[in-house]
Amino acid sequence: MGTSFGSPKRLPEVDLRGKTIIVTGANTGIGYETSKCLAQAGARIILACRSETKAQEAMERMKKDHAAEKADESKARVKIKVDELDLEFMTLDLGSLASTKSFAEAYKARGFPLHVLICNAGLAWGPEEPTADGFEIHFQVNYLSHFLLTLHLLPVLKSSGPDSRIVSVASVMYKFANWDVTDFQSLKIRDTSKRYNTSKLYQIMNMFSLAKRLEGSGVSVFSLNPGLVDTDISKREGQQLTGASKAIVKMVRASKMMRSPFDGAVTTLHAAANPEYDGKSALYFESAKPHSLTSLPRSEEKQELLWKYSLDCLKDYVTEDVLSELTSQ
């Protein structure tokens, strides 16, 4: 995990005025820094979060940070392009497929374009109980609902291109995932860390599946490892940390080797906005640049097995009209 430490290269100057970007889980951690920086570069940011209260608090904090950084631009992490940030909250609960579909429908009804969809929200060491839809919670929140969101927003991404992007914040922990076609949701595994790792593997595999089907559409698909970041993902209520997991989290925090949320967001910023990657797709990033992957997520046979299983899970929420967007360029 050596690539997780240190500060990656910052995003080069970009002008995102006229661009609209959705960031899931935008109210805290990597999502907060990603949203603020992209808004400072000129983009309209849609904060897709469960809690309106927390999202509103985050937007107020972003505006205060922006005012301070605009007064002294040496403090800014990106080149500021706007006087005021363009921020808006929309409700999204990734623990509910109905909420996820409703978000997409509400977004399309707004008539906004969509230049970048950043699938950032994530859950680690979640509860044993399944979601209201009956799925293992890491599988649904980290992977399946983001897949559903992507499918329903494809028409907007395609019409807003060329060079629209889908960016999934995955993790280097995909290397320690479980792959079992008889247990895609890792229900036989009691270790929630392994379930988290597997959901991150699926995000990367899904990148390849989408990129293949969207070739020639003007929509790029990327995934990334933000590094080992000091965020709220290991502090949330209701988490089921084992004794070993608790010890690891405590040790890593004490080591002070974790990246700050901004340094964790830098790789997302490159995947979302660096023009160097216009026209490219199926890239996995670490430390702000494309990085190689192990063989498991690159297996086309396994990608297809996951694709078919995922669509079966979503059969009540994905129509043939939605799927047709994957073949009509």
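Modeller: Ala, Val, Leu, Ile, Met, Phe, Trp, Tyr, Cys and Pro count as nonpolar, Asp, Glu, Lys and Arg as charged, and the others, Gly among them, as polar.
Colleague: How do the residues of the lining of the second largest pocket divide into these classes?
Modeller: That lining has eight nonpolar, three polar and five charged residues. A pocket is an open set of points on a 1 Å grid over the protein atoms alone, with protein on both sides within 12 Å along at least five of seven lines; a cavity is a set where a 1.4 Å probe fits but cannot get out, and lining residues have an atom within 4 Å of a point.
Colleague: What volume does the second largest pocket have?
Modeller: Its volume is about 220 Å³, where a volume is the space filled by probe spheres set on the points, and grid points are joined across faces, edges and corners. Leu16, Lys19, Asp163, Ala272 and Asp278 are the closest to the centre among the 16 lining residues. Strand E5 (164-169) and helix H7 (261-273) each give two or more residues to this lining. Helices (H or I, at least four residues) and strands (E, at least two) are DSSP runs, numbered from the N terminus.
Colleague: What should I know about the model itself?
Modeller: It is a predicted model, in which local features need pLDDT of at least 70 and side-chain atom pairs count only at pLDDT 80 or more, while totals for chains, interfaces and linings use all residues. Residues are numbered from 1 along each chain as its sequence is written, and side-chain values use heavy atoms, with hydrogens and water left out.
Colleague: What pLDDT does the protein average?
Modeller: The average is 90, and 87% of the residues score at least 70; pLDDT is the predictor's confidence in each residue, from 0 to 100.
Colleague: Where does pLDDT stay under 50?
Modeller: One such stretch is residues 1-5, with 16 contacts beyond four places in sequence. Another is residues 234-239, with 14 such contacts. Contact means heavy atoms within 4.5 Å.
Colleague: Now the overall fold: how many helices and strands are there?
Modeller: The protein has ten helices and eight strands.
Colleague: Why does Ser220 count as buried?
Modeller: Ser220 counts as buried because its relative accessible area is 4%. Ser220 belongs to strand E6 (residues 219-225). Beyond its neighbours within four places in sequence, Ser220 contacts Ser164, Arg165, Ile166, Gly279, Lys280 and Ser281.
Colleague: And how many cavities of 30 Å³ or more does the search find?
Modeller: The search of the whole structure finds two. The largest cavity holds about 80 Å³ of space, and its lining includes Cys119, Tyr143, Ile166 and Met207. Helix H4 (137-160), E5 and helix H5 (192-213) each supply two or more of the lining residues. H4 gives the largest share, five residues.
Colleague: Which classes make up that lining of the largest cavity?
Modeller: The lining of the largest cavity has six nonpolar, six polar and no charged residues.
Colleague: What about the second largest cavity?
Modeller: Its volume is about 40 Å³, and among its lining residues are Glu136, Phe184, Arg195 and Tyr202. H5 contributes the largest share of this lining, four residues. By class, the lining of the second largest cavity has three nonpolar, five polar and two charged residues.

Methods. Buried means under 20% relative accessible area, exposed over 50%, partly exposed in between (1.4 Å probe, protein chains only).
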